[in-house]
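Student: I have a new structure open and would like to go through it with you. Could we take it one question at a time?

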2 protein chains.
Amino acid sequence: VRAWDPDSGVLEQAISWHEHDLAAEDDSGTRVRSLTAAASLEQAVGDADYVQESGPERLDVKREIYALLDRAAPDAAVLASSTSAIDMSSIAQGLAGAPRCIVAHPVNPPHVVPVVEVCAGQATSQDTVLRTMGFLREVGQSPLLLARYIPGFVVNRLQMALLREALSLLDGGVASADAIDAAVRDGLGLRWAIMGPFAVANTNADGGAREYLTRYGPSITYLMGDLGASPVLDAAFIERVGRATDALEHGASRTDLREWRDRLVRGIVALKADDPHPGTGG
Amino acid sequence: VRAWDPDSGVLEQAISWHEHDLAAEDDSGTRVRSLTAAASLEQAVGDADYVQESGPERLDVKREIYALLDRAAPDAAVLASSTSAIDMSSIAQGLAGAPRCIVAHPVNPPHVVPVVEVCAGQATSQDTVLRTMGFLREVGQSPLLLARYIPGFVVNRLQMALLREALSLLDGGVASADAIDAAVRDGLGLRWAIMGPFAVANTNADGGAREYLTRYGPSITYLMGDLGASPVLDAAFIERVGRATDALEHGASRTDLREWRDRLVRGIVALKADDPHPGTGG
């Protein structure tokens, strides 16, 4: 893998961060073994099969980058964007190579989380979709395909749905940030690391999701209609959340917290790989 | 621990299920070792320190049960309800022992998920709150305390927030149920097994939650306002979800899926116990 950034300091930082990460104990075995710095964008992508663009989240900048990439990369290369917000239809508009351009949005922290959201633009070819899905699977990621563009794609919409209710519960004085977090980290999140909301619904009643949605339908519909609105993210509310999250750190540094998170995510991924879904690998 | 149910068949089933579960390989070490069947409600609670009531989710039935429990249990015993929906203020209204009545709502699957939501009623004493929190911690659960009653408490509101957006994305044809589930099980859920939404926000930006909510504030506010409404849970939509979740089973039985889920939840809980939060136990 060859990396490039217009700022050579950032590029060096990325390479040394990767070396540090490679030295981490728990190894799920799917990491990039060789990452080198390229001297230019042209050298980085000149004989690439697959390009992962992670530039600034601004449409004008992305359009500029894609014009460069489309000239510099071999015709057969896929040009994938890490954007978490922008529609590939807008980025690749009018570009000769638009059929090979696609969104492949990794999820934070991307070096340990397997999922990548794949979303085609209007001009993206089916071949590009299939090659992107295949490539990502091959390098140990879990690509998921969107049928169409939507703001926030799937991952950030689901994340914002949970965050909105969490912020609303804090704002309404229902529980502390620590208690709300505990509901997830020691409760719901333990299932969600294994099963998404559909599989959870399907195991929550003896008759599966049909029984769950029928038997509890009235309560589910009531609660869904009763969920909170988004609090206004003004300075006072942000400071209130800031103080609550300071307390959640219990004095640990952000670096320590992130390394701890990464170790545990790798551990959970390894646990799941050793004990696969009973219908597909068990 | 003594268990009682008015239906002796159900009681026998519970005892034998518990024996089967005790025999499961992965043992987190916090299980009830001795569970016996009581011959009557009075015998079950006659010298109890703590009573966990898990009767039907109907206010009239709960009120009847609490009248019996309040007579049969020693004055010092806590009377905790597993209700996932009913306010203890309503259940214990007019009851002499109302100060010792409290909600302690376990999360499915309760034999492996540590979290228990604790919610006082208007008449619940502070002593009952403290004793309930202490007892639950002592037996290896992770109690979280609500400051006040709200429909669905915290856990089911957060669960419904995620489910609503998931159902809305399926309904809108944005992605398949499997892709939406993958966003959680191979993405967001891996973090949520470790950190709730507040701790996630606090690690998602170098400057913590303050920077996250400031820098991404406009996108967060936009997405929170753009989230989908609840689809109508009519027969056609339920059948559509049912077919999608049938496919997620990949031929495995619900029993196998639940045992697999329980093994992995126990594995994740053990992983976390071995590598605690760097600020509290690391």
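This is a predicted model: local features need pLDDT of at least 70, side-chain atom pairs count only at pLDDT 80 or more; totals for chains, interfaces and linings use all residues.

Student: How many residues of chain B are in contact with chain A?

Tutor: Contact here needs heavy atoms within 4.5 Å. On the chain A side, 112 residues take part. The number of residues that chain B brings to the contact is 112.

Student: What area is buried between chain B and chain A?

Tutor: The size of an interface is often given as the accessible area lost when the parts come together. Carbon and sulfur atoms give 68% of the area buried between these two chains. The total for chain B and chain A is about 11,000 Å².

Student: Which three residues supply more than any other three of the area that chain B buries against chain A?

Tutor: Together these three supply 8% of the area that chain B buries against chain A. They are B:Phe198, B:Arg210 and B:Met224.

Student: Which residue of chain A meets B:Glu165 in a salt bridge?

Tutor: The count between chain B and chain A is 14 salt bridges. In the one you ask about, the N to O distance is 2.8 Å, and a salt bridge needs these atoms within 4 Å. The side chain that meets B:Glu165 is that of A:Arg157.

Student: How many residue pairs are in polar contact across the interface of chain B and chain A?

Tutor: For this count, both residues of a pair must have pLDDT 80 or more. With that condition, the number of pairs across the interface is 50.

Student: By class, how many nonpolar residues has the side of chain B that touches chain A?

Tutor: Several elements of chain B each supply at least two residues of this side, including strand 7 (142-145), helix 6 (155-171) and helix 12 (254-274). By class, 27 residues there are polar and 22 are charged. The nonpolar residues number 63.

Student: Moving to the cavities, which helices each supply at least two residues of the lining of the largest cavity?

Tutor: The structure holds three cavities of 30 Å³ or more, and the largest has about 70 Å³ of space. Its lining includes A:Ala161, A:Arg164 and A:Glu165, along with B:Ala161, B:Arg164 and B:Glu165. The lining divides into four nonpolar, two polar and four charged residues. The helices you want are helix 6 (155-171) of chain A and helix 6 of chain B.

Student: How many charged residues are in the lining of the second largest cavity?

Tutor: This cavity has about 50 Å³ of space, and its lining includes A:Trp192, A:Tyr212 and B:Gln159. Helix 8 (197-203) of chain A and helix 6 of chain B each supply at least two of its lining residues. By class the lining has seven nonpolar and two polar residues, and the charged count is none.

Student: Where in chain A is A:Pro109?

Tutor: A cis peptide bond joins A:Asn108 and A:Pro109, with omega about -10°. In chain B, a cis peptide bond joins B:Asn108 and B:Pro109, again with omega about -10°. As for its place, A:Pro109 is in the loop between strand 5 (101-106) and strand 6 (115-120) of chain A.

Student: What is phi of A:Phe153?

Tutor: A:Phe153 lies in the loop between strand 7 (142-145) and helix 6 of chain A. Its phi is positive in a residue other than glycine, with a value near 50°.

Student: Which helix of chain A holds both A:Arg131 and A:Asp127?

Tutor: A:Arg131 forms a salt bridge with A:Asp127, with the closest N and O atoms 3.4 Å apart. The two are four residues apart, about one turn of the helix. Both lie in helix 5 (residues 126-138).

Technical notes. Residues are numbered from 1 along each chain as its sequence is written. Chains are lettered from A and ligands numbered from 1 in the order in which they are written. Side-chain values use heavy atoms; hydrogens and water are left out. Buried area is the accessible area (1.4 Å probe) that two parts lose on being put together, summed over both. A polar contact is a pair of N or O atoms within 3.5 Å; within protein, one must be able to donate a hydrogen and the other to accept it, and residues adjacent in sequence count only if both atoms are side-chain atoms. Ala, Val, Leu, Ile, Met, Phe, Trp, Tyr, Cys and Pro count as nonpolar, Asp, Glu, Lys and Arg as charged, and the others, Gly among them, as polar. On a 1 Å grid over the protein atoms alone, a cavity is a set of points where a 1.4 Å probe fits but cannot get out, and a pocket is an open set with protein on both sides within 12 Å along at least five of seven lines; lining residues have an atom within 4 Å of a point. Grid points are joined across faces, edges and corners, and a volume is the space filled by probe spheres set on the points.
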